[in-house]
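Morning, everyone. Please look at the screen while I talk. I'll go from the whole chain down to single residues.

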Amino acid sequence: MTDLAGIKIEPIVIADHLALDMLNTVAIVDKQQADFWQTDEDVVYWLKTVAGIKLRSYQSFKQGEILETARELREVIRKLVVKKKADSLNSIKPIEPFLDASLSWISLQKNAEGQWHQHRCYKQDTVKQVFGPITEAAAALLAEVDFNLVRVCEHDECILWFLDRTKTHKRRWCSMALCGNRHKVAKHRKQKAQ
């Protein structure tokens with residue numbers, strides 16, 4: 001991923017849902033919003049490491065096309081998720097071109113133990129097709145997930161999304177190690193100051 005302020009940033013994978021992990025490619029870094037996608041290569045790296053999508057070849061696409069399409073899809077998903085969270089989602093029209101472009105099929109493959117399993121394959125002839133798995137994950141999120149469990153981190157300086165899959169459904173932070181700990185430290189300082 002692209003360096004931000006001289007620090008190599010790895011993808012943030014805390015959301016427990018692929019579409020929400022895509023939204024988390026924009027985060028607050030040093031109190032400023034930062035987009036971790038600055039080049040096609042940043043997006044390709046994220047596709048490979050987070051989404052498990054291996055591009056057969058992306059050199060056939062125009063330079064900047066992958067970045068532009070990724071950012072477009074991310075903002076479409078963000079707007080739909082925000083509307084669904086506010087219980088005001090009346091149309092999915094913005095994501096329809098991505099859904100229409102997503103072409104997939106099932107193949108059967110043997111695993112290491114010699115057992116057959118299904119594997120979904122996707123066309124990658126167009127840039128929108130490359131994002132087929134993410135588009136389908138976003139559609140599933142909007143159609144099948146209880147949005148009471150889709151949340152934004154409660155820390156004031158965080159904008160990361162997550163799906164609360166905990167048993168008690170009381171998750172508040174993107175990560176207990178990051179924002180949860182920052183909250184505890186701030187609370188402790190406040191108590192000491194009183």
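**From chain to residue**

This is a predicted model. The chain has 194 residues, and 42% of them are buried. Its secondary structure comes to 7 helices and 8 strands.

Next, helix 2. It covers residues 40-49. Which of its residues are buried? They are Asp40, Asp42, Val43, Val44, Trp46 and Leu47. What do these buried residues pack against? The partners are helix 1 (18-23), helix 3 (65-85), helix 5 (127-130) and helix 6 (132-144).

Let's stay with helix 3. It has 21 residues. From first C-alpha to last, helix 3 reaches 30 Å. That is close to the 30 Å expected at 1.5 Å a residue. Its buried residues include Ile66, Leu67, Thr69, Ala70 and Leu73. Two arginines, Arg74 and Arg78, are buried in helix 3 as well. Just after helix 3 comes Asp87, with a positive phi of about 60°.

Last stop: Trp116. You'll find it in strand 6, residues 116-122. Is Trp116 buried or exposed? Its relative accessible area is 56%. The cut-off for exposed is over 50%, so Trp116 counts as exposed. Leave out residues up to four places away in sequence, and Trp116 touches Leu108, Gln109 and Lys110.

Key:
Residues are numbered from 1 along each chain as its sequence is written. This is a predicted model: local features need pLDDT of at least 70, side-chain atom pairs count only at pLDDT 80 or more; totals for chains, interfaces and linings use all residues. Side-chain values use heavy atoms; hydrogens and water are left out. Helices (H or I, at least four residues) and strands (E, at least two) are DSSP runs, numbered from the N terminus. Buried means under 20% relative accessible area, exposed over 50%, partly exposed in between (1.4 Å probe, protein chains only). Contact means heavy atoms within 4.5 Å. The expected span of a helix is 1.5 Å times one less than its number of residues.
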